[in-house]
Amino acid sequence: MGTLSDPAFWSRLQFGFTVTYHYLFPQLTMGLAWFLVYWKWRALRTGEPQYALAARFWAKIFGLNFAVGVVTGIPMEFQFGTNWAGFSRYAGGVIGQTLAMEGMFAFFLESAFVGALIWGEKRLGPRAHFLAAVGVAVGSWLSAYFILVTNAFMQHPAGYRVEADGSLGIAALADYLLNPWAWVQFAHNQMAAVVTGAFVVAAIGAFYALRSTHMAQARLYLRAGTLVGLCASLLVAFPTGDQQAKMVARHQPVTLAAMEGRFASGPMAGIAVIGQPNLAEKRLDNPIEIPGALSFLAYGTFASEVHGLDEYPEDVWPDSIELLYYAFHLMITLGTIFIVLMAVACFQSWRGRLESTPWLLWLLMLALPFPYIANTLGWMTAELGRQPWLIYGLFRTRDGYSQVVSNGNVVFTLIGFTGLYFVLGVLFLVLVGREIGLGPEKETA
């Protein structure tokens, strides 16, 4: 990633920190949104108070999460101009379109409906309040799509043209908005967000079950969280993760080689279960591989040849191969654990024994942070894999940072963000902990 004297290093570190911290919050709002829709729908359909109570409780958690997500997201918009002026001059005519759409059409829609969802239940009535929940869910996912279209353009440029001054502009808006990379990335990312939401819901249900409080709500959270968690974890792996891997293999073969620590080309390429990339000797140390698995997953046949890093000049290799390799493999490991854990929990739920299985409840409760870690590792894989390009194949990262901003200024603001976000994080945890401690407003069983 560069040395400590490299301005690009500090600008990348600052943006990496702010975007990683920020994304801790949108992934939960996107994951929780459809739980709220489901519970509001069930309350409207059945009239049973437990569903309305669940929606009311989780709307408070949603609102707190949404508020901190907004606060932590605003600085990133400014960083395009302050830290990445070269990138903004070059690609602002393209990426500015979807960033504006996200703010105008999606974020404002979501914000308006969040207020109605949290404070408007009595005034709106059951049907209108259900529609508010739908508006929140649609707004949050629409917002995600516009952001992911922007990122997809950086991964796989589509629908652009080069203007007379050398900057980029929109040639075909439909091609830009319907970039095939964006569709695959959106499906994969949103399923991962649902995994986060499901694990949080299940963890709070397990917490209440272990304390033997709010048991009707605990059963509701456990049943919904584990079932949705299993389905979403499976969908993250296949087909969305599978299609994402095939997209990388098709359009970024050097990235795929780095993700798997594969230096030599050849057929029957295996997936490394264990191994340590050795850049000095250009090999994978101590590998334990599944033969042919990478060829099959990337190209559909075991005989397919997978390109190795040795086919490409080193100046187009990802610049943090070791970190990329471990981020990718840890993400895959966690995803596998999620499937197993939720499958066991669903089986116990089907048997009617989940609430009476303390060891499994402890696992569900303690597993709460791991989807956040897996999502972070997934984004690290995507962004480290794209290097050394800001826009893959068109514009290098070293050309995008602001030349007039000194290292000292970037470090100073990074320290400021760290302190501010620490305070915000503590405040968020205190407020959410208070809501969880109080629990649902009343017991239903």
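**Lys-282.** I started with how open Lys-282 is: the relative accessible area is 42%, so I put it down as partly exposed. This is a predicted model, and I read everything below with that in mind. Lys-282 sits in the loop between β3 (271-278) and β4 (283-290). I checked the backbone there too, and Lys-282 has a positive phi of about 55 degrees although it is not a glycine. I noted it because most residues other than glycine have a negative phi.

**Asn-286.** Asn-286 belongs to strand β4. With a relative accessible area of 56%, Asn-286 is exposed, since the cut-off for that is over 50%.

**Cis peptides.** Which residues does a cis bond join? I found one between Phe-238 and Pro-239, with omega about 10 degrees. Pro-239 lies in helix α9. Another cis bond joins Gln-387 and Pro-388, also with omega about 10 degrees. Pro-388 is placed in the loop between α14 (370-386) and β5 (389-391). I flagged these because most peptide bonds are trans.

**His-251.** While on α9 (residues 215-251), I looked at His-251, which is in that helix. His-251 has a relative accessible area of 26%, so it counts as partly exposed. Leaving out residues up to four places away in sequence, I listed His-156, Trp-181 and Tyr-392 as what His-251 touches. I also took a distance to Glu-383: it is 132 residues away along the chain, and the two C-alpha atoms are separated by 15 Å.

**Ser-349.** Ser-349 lies in helix α12 (residues 321-350). Its relative accessibility is 25%, so Ser-349 is partly exposed. Beyond residues up to four places away in sequence, Ser-349 touches Arg-223 and Leu-354. Ser-349 and Thr-226 are 123 residues apart in sequence, but I get 8.4 Å between their C-alpha atoms.

**Thr-196.** Is Thr-196 buried or exposed? Buried, because the relative accessibility is 0%. Thr-196 lies in helix α8 (residues 180-211). Not counting residues up to four places away in sequence, Thr-196 touches Gln-27, Leu-28, Pro-371, Tyr-372 and Asn-375.

**Helix α15.** I traced α15 (residues 407-438) end to end: 32 residues, and 46 Å from first C-alpha to last, close to the 46 Å expected. The buried residues of α15 include Val-410, Leu-414, Phe-417, Tyr-421, Leu-424 and Phe-428. I kept the turn in mind here: an α-helix has 3.6 residues a turn, so residues three or four places apart point the same way. The buried residues of α15 pack against α1 (7-23), α3 (49-82) and α8. Just after α15, Gly-439 has a positive phi of about 75 degrees.

**Whole chain.** Last, I stepped back and counted 15 helices and six strands. I noted 53% of the residues as buried. Of contacts with a separation of 6 or more, 76% are between residues 24 or more positions apart. The chain exposes about 19800 Å², with carbon and sulfur atoms supplying 70% of it. For charge, I wrote down 26 positive and 27 negative side chains, the centres of the two sets lying 15 Å apart.

Conventions
Residues are numbered from 1 along each chain as its sequence is written. This is a predicted model: local features need pLDDT of at least 70, side-chain atom pairs count only at pLDDT 80 or more; totals for chains, interfaces and linings use all residues. Side-chain values use heavy atoms; hydrogens and water are left out. Helices (H or I, at least four residues) and strands (E, at least two) are DSSP runs, numbered from the N terminus. Buried means under 20% relative accessible area, exposed over 50%, partly exposed in between (1.4 Å probe, protein chains only). Contact means heavy atoms within 4.5 Å. Accessible areas come from the Shrake-Rupley method with a 1.4 Å probe; for residues, only the protein chains shown count as cover. Lys and Arg count as positive and Asp and Glu as negative; His and the chain ends are not counted. The place of a charge is taken as NZ of Lys, CZ of Arg, CG of Asp or CD of Glu. The expected span of a helix is 1.5 Å times one less than its number of residues.
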